[in-house]
Protein chains: 2
Amino acid sequence: MEQLARRIKIAGGDEPADLLLRGGRVVSVHTGTIMECEVALAGGEVAALGTGYAAHATVELNGAFLAPAFIDAHIHIESSMATPREFARAVVPRGTGTVVADPHEIANVQGAAGVRWMLEAARALPLSIAIMAPSCVPATHLETAGAALSPEDIAALLAEPGVLGLAEMMNFPGVIHRDPAVLAKLVAAGARPIDGHAPGLAGRELAAYAAAGIQTDHECTTLAEAEAKLALGLRVMIREGSSARNLAALVRGVTPANARRWLLCSDDRTPADLLHEGHVDHLLRRCVEEGLDPLLALQMATLNAAEHFGLADRGAIAPGRRADLVVLEDLVSFKVRQVYRAGRLVAEGGALLEEPAASPPPASAGLNLGALSATPFAIPDRGAARVRVIVAAGDQLLTEEAIETPRREGGFLVADRARDLLKLAVVERHRGTGNVGLGFIRGFGLARGALASTVAHDSHNLIILGASDRAMEVALAAMRELGGGKLVADESGVLAALPLPVGGLMSDAPIAETAAGLERLAAAARALGCALPEPFMTLSFMALPVIPKLKLTDKGLVDVEVFAVCELTPESH
Amino acid sequence: MEQLARRIKIAGGDEPADLLLRGGRVVSVHTGTIMECEVALAGGEVAALGTGYAAHATVELNGAFLAPAFIDAHIHIESSMATPREFARAVVPRGTGTVVADPHEIANVQGAAGVRWMLEAARALPLSIAIMAPSCVPATHLETAGAALSPEDIAALLAEPGVLGLAEMMNFPGVIHRDPAVLAKLVAAGARPIDGHAPGLAGRELAAYAAAGIQTDHECTTLAEAEAKLALGLRVMIREGSSARNLAALVRGVTPANARRWLLCSDDRTPADLLHEGHVDHLLRRCVEEGLDPLLALQMATLNAAEHFGLADRGAIAPGRRADLVVLEDLVSFKVRQVYRAGRLVAEGGALLEEPAASPPPASAGLNLGALSATPFAIPDRGAARVRVIVAAGDQLLTEEAIETPRREGGFLVADRARDLLKLAVVERHRGTGNVGLGFIRGFGLARGALASTVAHDSHNLIILGASDRAMEVALAAMRELGGGKLVADESGVLAALPLPVGGLMSDAPIAETAAGLERLAAAARALGCALPEPFMTLSFMALPVIPKLKLTDKGLVDVEVFAVCELTPESH
């Protein structure tokens, strides 16, 4: 009531504004126009747009553009390996005011406690992190995740302040075939936002998915796919992330008549891409590069997301809305000069002005490996003539299956570096079950040593790839010591390591340090002979049993096409 | 859950649709396009848009247009003198699926009980009547209304299902000057929709009003005014009612870039206009006549209103939304063939197919006049040389003030028919206070007899205009018998009468009968010499003390410009 009265007073000219932004070209995402006017603030809110206001403090914008702070409609912060604090440090100076985050990764590790940790860690940051309740934890029954989120857990999360709705429903087969547990999650979401994930879905399957009340999709790769989804009433998020980049294909479909139905999202951003390309500012640049009207692009990155998610207090520069504002040099480079958060200048010239509060302690330890045998990676030779081999292909999430004659040594099946047949292991790390899935993999080209990571979608068990059992054992021991993260080792010890102490996924180090650490890891892997451009990213998808064809989880090899665990030897299948 | 599963099943083609609308040109308000596809229904909801669906029943649309049922963003149903039931009978066959109603009139008569009666009367109709809690009851302290709605009353109403938000905040001076009771009502509305009413407001006053969190305005009369409001983040409702008609002036401002910020509303519709012109269909016709793209017009009349009011279950033809649909011959005449309500055909060829349920009994009697003297309209002659006279001007709400020498007769001031100085009385009818405001009026031209009405904005006291005290006394007695409504009498008795038994405002008779009754009243008034085109409409505004210049309430003459009761004799002022 007090703030309401002050806002009215300031707007009416009966009291000076707390801050006046003068001389700017104000982007009206409501009308798709540029307004030359002042913006008068009352505390953390916009009081008025007009001219001739008095103020306690005035900032001259000298013709710069003033836009609403940007909204990323869908992101997994964990992909940046940054805690919310360090993520904010990276993206706020680039103009991001709000991200809608699906903490799917930490939820797979720590369950609802991990989601609550994200909520807690997001408090008091100069960035709004709105949380969507992860819909698919665990992702499958073919792996051991750290937790499960039941419909009841989801209902409890949805009742927490800061949780907006149900995050991307990846289990589209479950939706289409009306799996009761999946439907119960949709029902729990009620009238709240429900995000979708329907890569390539079309025809009757897409119709069934849309009929379930799913409201968005960010997996479109072609314009025809996007248009089919728009026609069914879905909002389409144009995704341009570090892995999947769909903007060029989709942005031509944005028209003034349908623009309100499009949003922008990054989905997954690596630390290096955040550092070097940026965040939503990068998406906006890309839109305009591809020929889109910058005002439509800005609508997508602000008002449209605010409207979809019911964030009525932001997404536009208008009286009563929160003063989350960004000062831009132009609408081509989208270079950010200043960022205001609730009326306070929080970033300038690419950096935060104040140190954000420390992150809370992690909800649980990064590793719970339990008791493992002394030779956990040994595969006894039971006489099988041939074995299945995962064939990784660079930056693809997809793998192929090869059938090869294994190399034998002392009664065991071992890696064969000459034929690039390395050994892959997935060690369950959440519950101490002692589960170790073992298999062979081709494509990494390691001549010696091992790579290990606790980032391994979606269950994020400990994945270790090695040119010898011994190197893998060294990596395992080193990871126990690291407590979660990524490392490269050889038989003599650790060559490079990046600790990710929060759930084995995130670090509270500045994102530039994380990026440098990742670069050191990649260099170490290259030095061992690995030819992949992003060995740890490729590695992180080798345990993802929802993307064909052959993957490995702690339960063993998974034939994704039949969605079942399979034997190492194809004969026994 | 059951319905969700059926919707998915039908959309996926695993079960026949309950109803299939085939061969139509489906209006996508999401994308601003026409789609040639089938619409498959699951019970009351749309399951899918596609082709080749099987169904238990199929309707061939033969190229007709299929649009979402229309939404009137703001109306006072009482202006149509129809109960919700009879209002629905009039507007549903014209394609209206939802109206957002401000029951301001019945609230002034019966308070929260009147609003609850509207909610109750709206149940089980083939029309959604979403209620906004009236914000300004009573409208002023210069009159005795039937009730007052405090911020607490409003909070209680807002908690009722079917109440969406706070209705038009007419008290803009109260907002701008931060009247605590007014702000308390805004605070009570919280994040819900808050409609505005800011005729002609500009500059700092408009800024202050917008800063209060008011979200819409439907009082714009010029495009410049509308654009100023859009720039401040207000949504603008283009109003084309029976009194105020602003569509031609505003519709040129609708562009593809800003169209989402415009809505359509009728505000007030007379029975005759509903019958002969129509409702939202008329607004759509008018938009297209004025050159607007019909798809933008339809967006305004459907999706835009649904989004503003948070009615996520309607406003578009899309999976999961309620199947409120209208079959149109074309997008020029907007002639309605059929109307579906939650998947059921409810109107065809201009008429409802089923008799709607009876209205509940009124919340209270229409009249509580209390004890009045035998000569309640007598004005003793205290020797004043001159008196103030209200000068009515046809269809204007505005009046002027004249100063005249009164006619004297037997110690009293009486009407002077030769100079068109008639007598006007406002008799308090809600609380039995016995209050009678008396004055003189010019402009009606009655040679004899009297007009009486319980429709008199905003307090709806009993207003009686007469050429003689005696005729007014006859009218008063007749009104007691009628129990509320409108009538024309002369000294010998009633000449025409229209009962409005619900609060003295509404009738449960078909709207055609009400229109005919109004026509009989107008004819009777004309026969008495009245020259005004709509004598009862003009009469109903003579007690409205917020529109200049001189008005009459039960408390006496009101000088609107100083917003105070004034004496009949200008000398004593």
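# Reading a two-chain interface

Me: Which residue of chain A forms a salt bridge with B:E307, and how far apart are the closest N and O atoms?

Reply: A salt bridge here is a side-chain nitrogen of Lys or Arg within 4 Å of a carboxyl oxygen of Asp or Glu. B:E307 pairs with A:R261, and their closest N and O atoms are 3.7 Å apart. Bear in mind that this is a predicted model, where local features need pLDDT of at least 70, side-chain atom pairs count only at pLDDT 80 or more, and totals for chains, interfaces and linings use all residues. As for bookkeeping, residues are numbered from 1 along each chain as its sequence is written, chains are lettered from A and ligands numbered from 1 in the order written, and side-chain values use heavy atoms, with hydrogens and water left out.

Me: How many salt bridges and polar contacts does the rule find across the interface?

Reply: A polar contact is a pair of N or O atoms within 3.5 Å; within protein, one must be able to donate a hydrogen and the other to accept it, and residues adjacent in sequence count only if both atoms are side-chain atoms. Between chain B and chain A there are eight salt bridges, and 14 residue pairs are in polar contact, both partners at pLDDT 80 or more.

Me: Which elements of chain B touch chain A?

Reply: Helices (H or I, at least four residues) and strands (E, at least two) are DSSP runs, numbered from the N terminus. Those giving two or more residues to this side of chain B include α1 (2–11), β5 (45–50), α7 (203–211) and α13 (303–308). The largest share, six residues, comes from α1(B). By type, the residues on this side of chain B split into 30 nonpolar, twelve polar and ten charged (Ala, Val, Leu, Ile, Met, Phe, Trp, Tyr, Cys and Pro count as nonpolar, Asp, Glu, Lys and Arg as charged, and the others, Gly among them, as polar).

Me: How many residues does each chain bring to the contact, and what area do the chains bury?

Reply: Contact means heavy atoms within 4.5 Å, and buried area is the accessible area (1.4 Å probe) that two parts lose on being put together, summed over both. Chain B and chain A each bring 52 residues. Together they bury about 4,200 Å², 59% of it on carbon and sulfur atoms. On the chain B side, B:I8, B:R204 and B:R260 lose the most area to chain A, together 18% of what that side buries.

Me: Where are the cis peptide bonds joining B:V137 to B:P138 and A:P548 to A:K549?

Reply: For the bond joining B:V137 and B:P138, omega is about 0°, and B:P138 sits in the loop between β10 (128–133) and α4 (151–158) of chain B. The bond from A:P548 to A:K549 has omega near 5°, with A:K549 in the loop between α16 (535–540) and β31 (550–553) of chain A.
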